[in-house]
Amino acid sequence: MKKENHFVSIEDVVDRGEGKCNYLIENTNDILYVLDAKGIILYISPHMKNYGFNPEDIQGTHFANYIYPDDCNKLIDNFQEMGSTRRAFNTKLRIVDNEDKHCWFENQSCFQSNADGSSSVIIGALREIPDHKATGRDLQECHTQSEELVNVPTADLAKANEKLKMEIEEMSEIEASLKKEKSRIDSILRVASIGVGTIVDRKILEANDEIYRIVGYERSELVGKDVSMLYVSDDDLEKAGREIYNNLKGESISNIEQKLKRKDGQIIDVLMSFTPMDPNDLSKGYTFSIQDITEKLLAERTVEEKKERHIRSIFQATPTGIGVTWDRKLIDVNDKMCQIVGRSKEELVGASTRILYPTSEEYERVGKELEVIVDKKEPGDVESHWVNKDGSIRDVYMTFALIDVDDPSTGLTFTVQDVTERKLAEEEIYKLNQFQQTIIESADVWINVFNKNGELVVWNNAAESISGYSKEEMLGNTRIYEMLCPDETEFKEVAGAKKAIFGEGKRISDLETSITRKDGGKRIISWNSRELFDEEKNVVGSIVIGNDITKQKEAEKMEKQQVHFMQELIDAIPAPIFYKDTDNIYLGCNNAFAEFTGIPKEDLIGKGVYELYEKDIANKYRKMNMDLLKKGGSQTYEYYLQSSSGQKRAVIFNNSIFTDIDGNTAGQIGVVFDITERKVAEEALKKHSHFMQELLETIPAPVYYKDKEGSYLGCNRAFENFSGKKCEDLIGNMAYDVYDEKQAAEYTRMDQKLVETGGMQSYESEVVYAGDNTKHNVLFNKSVFTDMNGDIGGIIGVILDITAHLRSEEEKKKKERHIRSIFQATPTGIGVTWDRKLLDVNDKMCQIVGRSKEELVGASTRILYPTPEEYERVGKELKLLIDKKEPGVIESRWVNKDGNIRDVYMTFALIDVDDPSTGLTFTVQDVTERKLAEEKIYKLNQFQQTVIESADVWINVSNKDGEVVVWNNAAESISGYSKEEMLGNTRI
């Protein structure tokens, strides 16, 4: 039997409820019956004998055999509808007795089955309608009188007396059968799995054993007593009475859920059903049934909590800004939303959305679009500009949806994506293309670009000037090096490079060769080449840059001789020595420095500190080096230097600047002294002291400790915020010196109990926070600590705020509706997986993969990946995320239903971190277009950087405000000013 989702087994009713049924049958004139799903009579009460039928004879026959023909089809339709809807119904019908006379009855029936749908039956009651019965009786009397008037022989009277005797004997048999049936039904009700009883004038007249078990009272304590003893309060009793009365005005059964109070004081949830003994006179009392549904409601709440965690994980995992608005005020926002606008959640929640827009006009424009979305009651997209807290303008893309489409006044949820970077990237591509063309044509270095077939496609002005060959002669040519190197010796120098570039796809750097100009003149060129790639990382060509270094070669020879002399000089000094240029790049060192650090000279020269040392050490070296270059003179400081054994050695650096022949700072030179042993001893002492001091302070929950008399010995900063007092003011005080008398008494009592018993103590309490004078529910966790002798020295306590865990069920449901509307509105793909099968997806997810929800839900996630290898790779990364129990990001490639490959960015999170078997939620973003834009920017930046940094001409670029934004190596070399000095400068 199923009634409002509460199942009672038919077998249980039969096996355990006979006692109460017997009571009901004896005290009612109704005919009770049970039919199976096909309409076969399984049981009918003995009152059927009053209409000329023996119940044992008609059991096993079809009910339609006894229904007046005009009523039969309607009743069959009602039974079939009840079988499909499981809803009870009332109707009026006529039964034809054994003399072919019909009697009017009111039929009340309901559908019952076990929880699994088995043992389906229809149980009902037939109540004769007095008015129809009286009319039938009058008609019968008239008929009888008419017969008597026609024929009233004395023989008929004798027969009538004989018939009366037979009826008396038959009634005696019926009475014996009823007693037997009463005994059988009494036994059924005694063992029924639901409580059954009767109430008259608010007093309990009868109840079965199940009722006594549910409420915890004995029969003598309950029968004859007022029902108010079972209700939690008089208000609950009055409310239940009104609900039962109102329900029974139009129905024969009233079902209500109610809280009752057991004898032991426990509050339980029950489902009660009431039916009047006489529908025309409710004062005659009720028959009622009762089921304990406490555990069922608890299970339903548990399911709802898991469902809320499920949806909350989606809210946490999505990389899209999310908010909830009502009357254009912000009700809730997520962290991504705060990040986009540069404001905290406290600043946003409760504020008007006007603060998001740069102008009132834009605010009003978006408001008008929102009115259209609300009127249509469908999700809608709006593009706009938002203003960050720092004043910067952001381009945003918003999607809005009503929280409840049937009640627009409940507000809107929306998602927002910051598309500023995407628009900037598009502008950047245009600027880079323009900048690239300007650089190539204005550069004073030889630039030529080849396609993948080795054909020349770029030949700049400098290439024409240095070689003497024009663009018209060279573009499209594949043999330019044969033209530039007609001499066999010269060609051998470039032949290997040509093969490396075009045959093997290798890079060349600083390759010096001789070339012959068109007019026969000779030049020495330093060549550099790089491969060019498309967005798929495929080689599409090469760029070759040449610097005319003819005039530099002789100067370099003299410089090398001078450097050799200086190196010989410092190698003779036993202390470790190094020297750097003004860019903090190592120019060299002596043998002692190389031996101390274990870094060969050739590996040191030309490198910066970040290439040689750990980041924290390199940061310190750079800071001190820059201070010395800025202030000049000399510098002494203590720090670390890694030795050849890998050990960090404490040293003293004695550094000083050196100048060039013009007296300008050219770099710095340093001498190193090892002081490791002294520093090791000092550091060990500092670490121990600092650890003991910081250990307590790092605990985020309030922590305190007292001696066993209850006097405070100390606390952490979190406890200072809790108590409203500084630690130094607490030490030496008792609880009564800090809190009000009620709180102090509770703390003192619990502390003394813990000191007496030892061990640990945990309990909940309600306290007032001194910081904001608000009440909070907290959990105290306490433990004793001992002294060196093992005796109790005092207690230490930790306080956990559990207020948030006790919020109301209504708040949970409200948040669930908010988050569910977010799930529907978000433009990011969202899915739920278990064992790598898709359990749920949103519309955006279907759009990304080009499949319907029906195709995806229940399918393996293998259909999303283009190859088994990619599917397995993502699976391994997912296993790592599950083991860590933290949200994580995975980049991959998916295949659309039409075969297109899409780049995707996925964020995964466990639905329940305490139970990974519940599955994962994930969000997915299609980043294919973004990656294409990034590849184009990367390619242009690579080309630009190669041209600028390898050029042997001074290149600097300024923005529209006159600030230097590019200062290449040649500019540094020629001017002597470093990038750090010039970038951002307007007065170069």
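Contact is taken here to mean heavy atoms within 4.5 Å. The structure is a predicted model, in which local features need pLDDT of at least 70 and side-chain atom pairs count only at pLDDT 80 or more, whereas totals for chains, interfaces and linings use all residues. Residues are numbered from 1 along each chain as its sequence is written, and side-chain values use heavy atoms, with hydrogens and water left out.

Leaving aside neighbours within four places in sequence, Arg-262 is in contact with Arg-213, Ile-214, Val-215, Gly-216, Tyr-217 and Ile-268. Arg-262 belongs to the loop that joins β10 (254-261) to β11 (267-276), where helices (H or I, at least four residues) and strands (E, at least two) are DSSP runs numbered from the N terminus. With a relative accessibility of 18%, Arg-262 counts as buried, the classes being buried under 20% relative accessible area, exposed over 50% and partly exposed in between, for a 1.4 Å probe and protein chains only. A polar atom of the Arg-262 side chain lies 3.1 Å from the backbone oxygen of Arg-213.

Helix α32 (residues 928-950) comprises 23 residues and reaches 33 Å from its first C-alpha to its last, close to the 33 Å expected at 1.5 Å a residue; the expected span is 1.5 Å times one less than the number of residues. The buried residues of α32 include Ile-937, Leu-940, Phe-943, Val-947 and Ile-948, and among them are also Thr-928, Gln-942 and Gln-944.

Side chains of opposite charge can pair when their charged atoms come close. A search of the whole structure finds 43 salt bridges, each defined as a side-chain nitrogen of Lys or Arg within 4 Å of a carboxyl oxygen of Asp or Glu. One of them joins Arg-94 to Asp-71, with the closest N and O atoms 3.0 Å apart; this pair links distant parts of the chain, since Arg-94 is in strand β5 (residues 89-96) and Asp-71 in helix α4 (residues 69-85), 23 residues apart. Arg-94 is buried, at a relative accessible area of 15%, and Asp-71 is buried at 13%.

A salt bridge of 2.4 Å, N to O, also connects the side chains of Arg-873 and Glu-877, which are separated by about one helical turn because they stand four residues apart in helix α31 (residues 868-884). Arg-873 is partly exposed at 30%, and Glu-877 counts as partly exposed at 28%. In the salt bridge between Lys-979 and Glu-972 (3.3 Å, N to O), Lys-979 is partly exposed at 21%, whereas Glu-972 is buried at 14%. Salt bridges that share partners join Arg-202, Asp-226 and Glu-238 into one network.

Definitions and conventions
A polar contact is a pair of N or O atoms within 3.5 Å; within protein, one must be able to donate a hydrogen and the other to accept it, and residues adjacent in sequence count only if both atoms are side-chain atoms.
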